[in-house]
Amino acid sequence: MRLPEWTGRPQIYAAGCFLSVLAAIAVVAFAIGTLEYTKTRGKLLLTALLVAGFFVTLVGATAMPRSGPGPWFRPAAIGVAVSALLLMVIGLWGTPDSNAFWKATAGVTVLAMGLVAAGQALSRAGGSRAVRVAGVLSASLAALLTVMAVMGIALVIGAAAYWWAFGLAAVGWVIASCAGLFLGRLLRRSVEQP
């Protein structure tokens, strides 16, 4: 699937985030100015903050590679993020009293963040062999964490051992991501120096 060219520009998402935060500030200012905070204003404030979070998440989608798995990751990440935003806004304004709805919303949101994290890791997996290994490891751990989180939410897994394994995988993901960034910068500096 080919996305329009503007979806690859981080300035679009940064502007959307900025405007959403301005809308949230306007709602707060209006509530302070009128000295009245209603449920509707609260929902407007939360909607603006959800939209800002949506745009922040999608800034990461612009860093995904345009070759390899990138052409698949970018549209999938954007599509799942749009679905997560719609579910959250429907849940906020429609207030469904359904545990299954909120589980689905949480699962789709985690999936959106996981796709962006894996895509970003793959976008940095270039250069030396060590940087590629760190990038692929980071992307693999992001995918594993996403699957574990979605399963944990859907199946309501409460076993401590499961979440300990999740926590250890999260620590491994952070270490692999930091190692990939550090090695990538080190490689660039060594190339730049004569």
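Modeller: Happy to. Keep in mind that this is a predicted model.

Biologist: What share of the contacts between residues at least 6 apart in sequence joins residues at least 24 apart?

Modeller: Start with the pairs in contact that sit at least 6 apart in the sequence of the chain. Then ask which of those pairs are at least 24 apart, and the share comes to 67%.

Biologist: And what percentage of the residues counts as buried?

Modeller: The cut-off here is a relative accessible area under 20%. The chain has 194 residues, and the part of them that counts as buried is 35%.

Biologist: Let's zoom in on helix 5. How far apart are its end C-alpha atoms?

Modeller: Helix 5 covers residues 129-154, which is 26 residues. At 1.5 Å a residue, helix 5 should span 38 Å, so that is the value to check against. The model agrees with this, as the end C-alpha atoms are 37 Å apart.

Biologist: Which residue just after helix 5 takes a positive phi?

Modeller: Look just past the end of helix 5 for a phi of about 50°. The residue with that positive phi is V156.

Biologist: Is T146 buried or exposed?

Modeller: T146 has its place in helix 5. Its relative accessible area is 9%. The cut-off for buried is under 20%, so T146 is buried.

Biologist: Which residues is T146 in contact with, leaving aside neighbours within four places in sequence?

Modeller: T146 is listed among the buried residues of helix 5, which also include L145 and A149. With those sequence neighbours set aside, the contacts of T146 are V110, L111 and G114.

Biologist: Which elements give two or more residues to the lining of the largest cavity?

Modeller: The lining includes V131, A134, G135 and S138, along with A176, S177, G180 and L181. By type, the lining divides into 5 nonpolar, 4 polar and 1 charged. The elements that give two or more residues to this lining are helix 5 and helix 6.

Definitions and conventions
Residues numbered from 1 in each chain as written. Predicted model: local features only at pLDDT ≥ 70, side-chain atom pairs only at ≥ 80, totals over all residues. Heavy atoms only, no water. Helix = DSSP H or I, 4+ residues; strand = E, 2+ residues; numbered from the N terminus. Expected span 1.5 Å × (residues − 1). Buried < 20%, exposed > 50% of the residue type's maximum accessible area, 1.4 Å probe, protein only. Contact = heavy atoms within 4.5 Å. 1 Å grid on protein atoms, 1.4 Å probe; cavity = no way out; pocket = protein on both sides within 12 Å on 5 of 7 lines; lining within 4 Å. Nonpolar A, V, L, I, M, F, W, Y, C, P; charged D, E, K, R; others polar.
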